[in-house]
Amino acid sequence: MLSWAGSVAVFLGIMALWWIASHAGWISKVFLPTPEATWLSLRDGLDEGELLAYSWATLTRMFEGWLLASLIGIALGALIGISSTARAYLQPTLEFMRPLPASALLPLAISIFGLSPNMVLSVVAFGSMWPVLLATVHGFAAVEPRLQEVARCLQLSRSAFVWKVGLPNALPDILAGMRLSLTVSLIVSVVGEMIASQPGLGQSILLAARSFRASELFAGIVLLGLIGFASSALLAAVEKRFLKWQKP
Amino acid sequence: MIESIFRWLRPWWFPAIALGGFEWYARTVGKSSDALAPPTAAINAFLSAITDGSLFSATAFTLGAAAMGLLLAAVLGIASGIVLGLSKRTARMAFFSIEVFRPVPSVALIPLAMLIFGFGLRMEFSIVAFASFWPLMILTQAAVQQVEPRLLEVSHVLGLSPAQRAFKIILPAIVPRLFVAMRLGVSVALVVAVTVEVAANPNGMGYAMMIAQQSMDPGLMLAWLFWIGVVGYIINVAALSLERWVGRRMGVAA
Amino acid sequence: MTQKAILTFNQVAIHLGGREILSPTSFDVGRGEFVCIVGPSGCGKTTLLRAATGLLSASAGEVRREGELVTRPSREVAFVFQDYGRALLPWRTVEGNISLALEAAAVPAGERPARISDVLAKVGLSKHSHKFPAQLSGGMQQRVQIARCLAQKPEVLMMDEPFGALDALTRQSLQDELARLVRDDGLTVLFVTHDLEEAIYLGDRVIALQANPGPGRPSLARMIDVQIPRPRDQLSTKEHPEFVKLRRELFAFIEQSHD
Amino acid sequence: MTQKAILTFNQVAIHLGGREILSPTSFDVGRGEFVCIVGPSGCGKTTLLRAATGLLSASAGEVRREGELVTRPSREVAFVFQDYGRALLPWRTVEGNISLALEAAAVPAGERPARISDVLAKVGLSKHSHKFPAQLSGGMQQRVQIARCLAQKPEVLMMDEPFGALDALTRQSLQDELARLVRDDGLTVLFVTHDLEEAIYLGDRVIALQANPGPGRPSLARMIDVQIPRPRDQLSTKEHPEFVKLRRELFAFIEQSHD
Amino acid sequence: QSGKIVFGYTAVTDFASVFVAAEQGYFSKRKLDVELKFIPLNSTIPAAIQADSLQIGGPTPSVYLQSVDGGLDHVVVAGGGLTSKTNTGFGFVGRAGAGIRTPQDCIGKKVGVPGLGAFLHVTFRAWLKQNGVDYKKVNFVEASFPQHGDLLRGGSIDAVVTADPFMGRIVDSGVGYVVSYYSTFLESGNHTIIYAAKRDWAQKNAAQVKLFREAVQEAAAFINQPKNDAAVRAAIGKYIKLPPEILAKTQISPPGPTVSEKQLSYWVGLMKDQGMLQTDPKVATLIAK
Ligand SMILES: Nc1ncnc2c1ncn2[C@@H]1O[C@H](COP(=O)(O)OP(=O)(O)OP(=O)(O)O)[C@@H](O)[C@H]1O
Ligand SMILES: Nc1ncnc2c1ncn2[C@@H]1O[C@H](COP(=O)(O)OP(=O)(O)OP(=O)(O)O)[C@@H](O)[C@H]1O
Ligand SMILES: [Mg+2]
Ligand SMILES: [Mg+2]
């Protein structure tokens with residue numbers, strides 16, 4: 001309870017800094033609006049229902065992209081983590097694709113697949129898959145050697161090893177990776193909305209930035225922050241439930 | 001003999017199929033496209049970019065910006081990740097602020113950074129630093145939370161100072177996970193650097209790609225995209241061998 | 001021995017980290033036999049046991065079980081690791097850890113609870129079945145590991161200082177429990193211990209290893225048959241003249257071979 | 001005892017996971033005294049030791065050292081953990097692990113090698129100074145941990161089954177080494193063991209704990225003064241009538257209190 | 001320091017006057033040190049000017065007016081290209097089979113524009129309005145020029161507002177047809193690009209601003225001579241790397257080196273009409289003397 005109060009206090013401190021920075025004119029109001037102006041834009045946008053619809057669109061895109069990314073990331077990660085054959089075939093290609101920016105891939109994807117929401121979704125999944133994938137591969141590689149020996153002695157099948165030793169052992173890493181993926185998925189969703197012209201907070205932020213409406217831009221950022229916070233808090237609760245054994 | 005050739009070929013199957021498919025697509029369906037070109041055209045464009053030297057200066061700029069941003073992010077991210085990992089209370093205090101700021105997309109900061117720094121290295125590396133700070137911090141925090149509790153008790157019993165505890169117990173203990181975080185950080189840094197160049201900063205590989213696109217040379221654009229992948233791949237291979245080298249030094253799988 | 005050998009060591013040598021840890025050693029273990037291995041710290045007892053299980057492959061010579069070359073672990077052989085703290089799944093409760101062995105052997109889910117509570121009772125942990133390893137004392141963790149191995153219903157049991165972390169009484173009761181099991185189920189046991197009395201009390205035979213035997217000489221330094229009748233018990237057996245004699249003999253040997 | 005108490009337990013109780021692990025227990029440890037703690041597996045020996053060190057805070061009552069409330073570990077107190085495998089830094093060699101204690105105490109780099117080789121000699125690991133923990137046997141790992149604690153030059157030594165993983169002879173020589181150190185340096189030792197003979201051989205006093213003492217009763221079940229003259233030695237002391245008497249007494253008690 | 005002028009341009013021919021001034025030595029003749037810098041996105045130019053990365057930049061009038069509307073204190077120092085009734089270099093292209101023939105057919109359709117709120121989008125909406133069509137009922141999406149052909153072919157949009165050479169290639173390949181060169185119906189002689197600078201900078205460097213404008217005027221005169229066409233195209237080709245065959249065919253909009261209040265007011269009117277401005281910019285104060 002007390003730490004919650006502290007958490008809010010820290011946040012309010014940062015807000016105060018923002019207030020001072022914008023009012024004292026450290027940064028031009030054109031780019032850093034005052035908190036009040038942001039609040040007004042936020043209220044207007046929500047009143048008109050437009051921002052709410054945009055937030056919802058971005059939120060669903062983020063979650064769908066993240067779920068897809070997590071599924072693919074864990075599956076591929078587990079495959080690479082346990083099978084050296086799969087590693088030999090797949091890993092170099094994946095490592096080559098990892099540094100390709102979604103912002104540069106989107107134009108290609110648009111040309112090939114058109115401006116469909118599903119295309120954006122696949123790019124979101126592609127962009128946010130890496131943290132989960134890397135964490136899963138590492139989690140599998142870092143199984144305590146003694147436990148690997150236990151598994152060998154019990155002659156656990158490959159799949160049993162994955163489910164009973166590999167995955168639980170990788171779980172802390174996977175959950176940390178999924179937490180990152182969630183954020184990346186939000187960011188790539190926003191970028192996708194900007195580049196592939198899909199309705200959502202990304203597009204509204206882009207248009208606000210283009211027309212130099214800083215307060216609207218910040219209203220969008222505030223909503224992104226809230227979405228990020230809410231989803232992360234949700235995931236943290238899940239994490240606590242799954243990692244009970246770490247700190248019983 | 002033949003078997004060893006097959007083994008050596010294994011990593012090349014997927015790229016070969018993907019490239020072949022793309023070549024076919026670009027030559028048939030996408031023949032009249034202004035945004036697509038077959039990989040063979042990209043190879044030609046790539047060769048000319050090597051010969052005129054533009055490849056290296058653009059690559060150097062992007063890598064420099066990404067490296068500086070990553071360095072800053074690594075120092076700050078690892079330090080705060082350790083603090084947050086060790087102190088539950090600090091973690092709870094900072095949770096709200098962190099989770100609110102973390103999802104701010106770096107692209108949304110480009111106008112702000114541009115206003116403060118203008119074009120050039122500083123605006124790019126500050127955005128790179130912002131973007132790669134978060135994954136480094138989160139992964140470091142997760143890594144610290146998984147350090148063998150007995151080792152932390154050892155450090156308490158020996159009366160190690162906080163600095164000693166950080167450098168002698170925690171950092172070495174999280175090295176394997178830190179490498180994972182760094183590899184992720186490297187690709188985030190590279191992705192963000194290129195994105196900033198695509199969107200605003202007239203320097204580096206992203207900018208070169210943008211020029212190629214606007215001057216209607218999709219082959220060159222693809223060549224740049226491919227080159228970005230190659231650069232990222234090389235960095236990753238280097239990071240992996242460094243990881244193995246450090247691992248050997250630290251008695252892992254000795 | 002009269003029984004056919006179930007395990008055969010034939011000039012087995014093991015090199016690790018560029019050093020010869022185990023010098024060429026040969027011996028047989030008969031079916032249902034209880035063989036104890038003693039020797040100074042670092043002489044290669046754990047290494048020998050790992051090779052016998054197939055967790056480690058011999059650098060020279062061969063290990064055979066039932067006539068077949070041992071190249072990898074089998075479910076017929078259970079292994080109690082010396083570092084019990086690491087051999088348990090930290091994310092599973094006591095029950096869950098034991099269940100792992102049953103799951104590996106594809107025991108139907110319906111039968112598992114009964115078998116789990118059965119082995120838990122044997123090691124005296126019935127009351128702790130829902131705890132995670134981090135909530136257990138060292139001795140309790142080791143007993144969980146033993147329970148998992150028993151649940152596996154193996155033919156051969158490899159035990160690496162299984163009772164090292166237990167208090168005298170728990171230890172005695174587990175010793176007797178083990179002896180009973182071996183007799184009832186015809187288990188074959190290879191048992192590493194640093195407690196000479198324990199080795200004599202439990203074993204049909206005691207093998208003493210030595211560290212750095214010198215060139216051309218085997219690690220196996222001494223092999224003693226224990227001719228004390230079974231069933232043995234904690235009081236009378238330890239006063240049995242044979243026991244006293246063997247203890248003195250073994251102690252003298254170890255003392256002399258210790259550097 | 002005549003010396004002033006260095007450690008005082010005053011109605012110390014400890015709850016973990018919603019259960020009372022240690023019921024209110026009081027006793028004193030005098031300066032330079034060697035106190036051994038015995039009791040069945042899971043009765044709370046490790047927990048008691050952790051509370052005495054400040055690794056765990058008491059749920060009720062208080063632990064004082066030199067009159068001051070113990071709230072966190074101090075460099076004057078060294079701790080040998082029961083699960084040695086986890087208490088060593090896997091990325092440092094034997095030498096490096098011992099050096100850690102010296103670094104903590106800010107011993108100048110120049111003095112460290114001498115002190116390291118000194119303690120390594122005491123535990124008989126001089127030849128293994130460049131190995132990583134993963135390359136050591138269980139007993140060797142435990143000796144590294146003991147060496148690290150000795151290098152710390154503490155006033156109080158907390159030892160949680162330090163010799164559990166050692167063979168009989170290494171164990172005896174370390175017992176004697178420890179006894180000598182305690183006498184020479186005036187060390188105070190709290191020593192958990194499951195070996196009753198070891199407890200009597202080493203201790204000035206033996207404290208026996210019991211598990212689940214029942215409501216209102218302390219965990220501390222028995223306190224026995226060991227009036228055997230020092231220096232003691234492995235042969236004559238164990239034949240000393242007092243030793244034999246105490247062993248019988250303690251054994252009988254433990255047997256009766258065991259559930 | 002009142003030395004170098006960094007000028008930011010984008011990949012359109014409306015910057016011809018600056019390219020020519022640089023190539024013909026009109027800047028160096030006046031001792032102006034002008035460095036031309038390619039900027040990929042037009043909308044980043046005002047921020048770059050504000051951060052002093054550029055001294056003068058060439059935003060489109062809509063970008064410029066929105067930046068002023070947002071609070072940036074920038075002034076117009078000169079002008080780039082102009083709209084013209086004869087310019088068929090950009091237009092409204094429908095997808096073959098989408099059945100778009102008149103402005104009214106756009107209602108409910110998905111129309112691609114290269115930038116939401118940018119030049120083509122604003123002028124196209126003005127044309128729709130002129131024809132009595134409520135542009136709010138048209139579904140605009142943003143897509144960059146090179147993708148227009150692919151998107152029409154794939155069927156994910158029904159029409160595009162696009163420009164040459166992309167327009168020509170779309171028509172040639174048969175995936176689309178020109179519905180209207182709609183700009184020929186709009187008022188001519190208004191700027192497609194204006195050259196802007198920070199007000200403080202323009203005041204402190206009034207002399208340089210004047211010289212810059214003169215150089216651009218001289219270049220405009222050069223461009224207006226039909227015999228110089230080859231030299232003009234060479235200058236453009238140097239700064240915008242276009243394939244030669246495309247460069248040879250590109251239409252170059254007439255230069256408008258000075259910007260009048262009336263010309264700027266036209267844009268203010270259009271943008272206010274479309275709800276793109278929140279304040280009422282005072283045109284008179286926006287043009288540097
Ligand atoms: N992976 C390894 N690499 C190099 N040397 C090793 C390795 N593992 C063990 N050793 C060495 O092998 C020797 C024997 O080790 P082992 O664990 O078999 O001893 P042990 O007889 O079980 O001793 P203890 O009773 O102390 O457990 C030791 O000297 C040890 O240093
Ligand atoms: N973190 C914890 N949470 C809940 N219960 C715990 C925890 N740690 C220990 N316990 C319980 O406390 C009791 C005493 O544990 P402790 O480790 O002190 O025993 P011990 O006397 O050292 O036993 P051993 O001789 O087997 O090491 C055990 O029953 C154990 O289950
Ligand atoms: Mg061993
Ligand atoms: Mg204990």
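A polar contact is a pair of N or O atoms within 3.5 Å; within protein, one atom must be able to donate a hydrogen and the other to accept it, and residues adjacent in sequence count only if both atoms are side-chain atoms. This is a predicted model: local features need pLDDT of at least 70, side-chain atom pairs count only at pLDDT 80 or more, and totals for chains, interfaces and linings use all residues. Residues are numbered from 1 along each chain as its sequence is written, chains are lettered from A and ligands numbered from 1 in the order in which they are written, and side-chain values use heavy atoms, with hydrogens and water left out.

**View 1. The interface of chain A and chain E.**
Chain A brings 18 residues to the contact and chain E brings 24 (contact: heavy atoms within 4.5 Å). The two chains bury about 1,600 Å² between them, 56% of it on carbon and sulfur atoms. Buried area here is the accessible area (1.4 Å probe) that two parts lose on being put together, summed over both. On chain A, the trio A:Leu115, A:Arg210 and A:Phe212 supplies 37% of the area that this chain buries against chain E, more than any other three residues.

**View 2. Pairs and elements across the interface of chain A and chain E.**
How many residue pairs are in polar contact across the interface of chain A and chain E? The rule finds 3, with both residues at pLDDT 80 or more. Helices H5 (102-113), H8 (158-195) and H9 (201-210) of chain A each supply at least two residues of the side that touches chain E. Helices (H or I, at least four residues) and strands (E, at least two) are DSSP runs, numbered from the N terminus. H9(A) gives the largest share of that side, 4 residues. By class, the side of chain A that touches chain E has 10 nonpolar, 5 polar and 3 charged residues. Ala, Val, Leu, Ile, Met, Phe, Trp, Tyr, Cys and Pro count as nonpolar, Asp, Glu, Lys and Arg as charged, and the others, Gly among them, as polar.

**View 3. The site of ligand 1.**
Residues from chains C and D surround ligand 1, so the site is shared between chains. The shell holds 21 residues (a heavy atom within 4 Å). Closest are C:Lys45, C:Thr46, C:Thr47, D:Gln135 and D:Ser137. A polar side-chain atom of C:Thr47 lies 2.5 Å from a ligand 1 oxygen. For C:Cys43, a backbone N or O atom is 3.3 Å from an oxygen of ligand 1. A side-chain N or O atom of C:Glu161 lies 3.4 Å from an oxygen atom of ligand 1. On its own ligand 1 has 640 Å² of accessible area, and the protein covers 91% of it (Shrake-Rupley method, 1.4 Å probe). Strand E2 (19-30) and helix H1 (45-53) of chain C, with helix H5 (138-151) of chain D, are the elements that give two or more residues to the shell. The shell around ligand 1 divides into 6 nonpolar, 11 polar and 4 charged residues.

**View 4. The site of ligand 2.**
Ligand 2 lies between chains C and D. Of the 20 residues around ligand 2, the nearest are C:Gln135, C:Ser137, D:Lys45, D:Thr46 and D:Thr47. C:Gly138 places a backbone N or O atom 3.4 Å from a ligand 2 oxygen. The protein buries 91% of the 640 Å² that ligand 2 exposes when taken alone.
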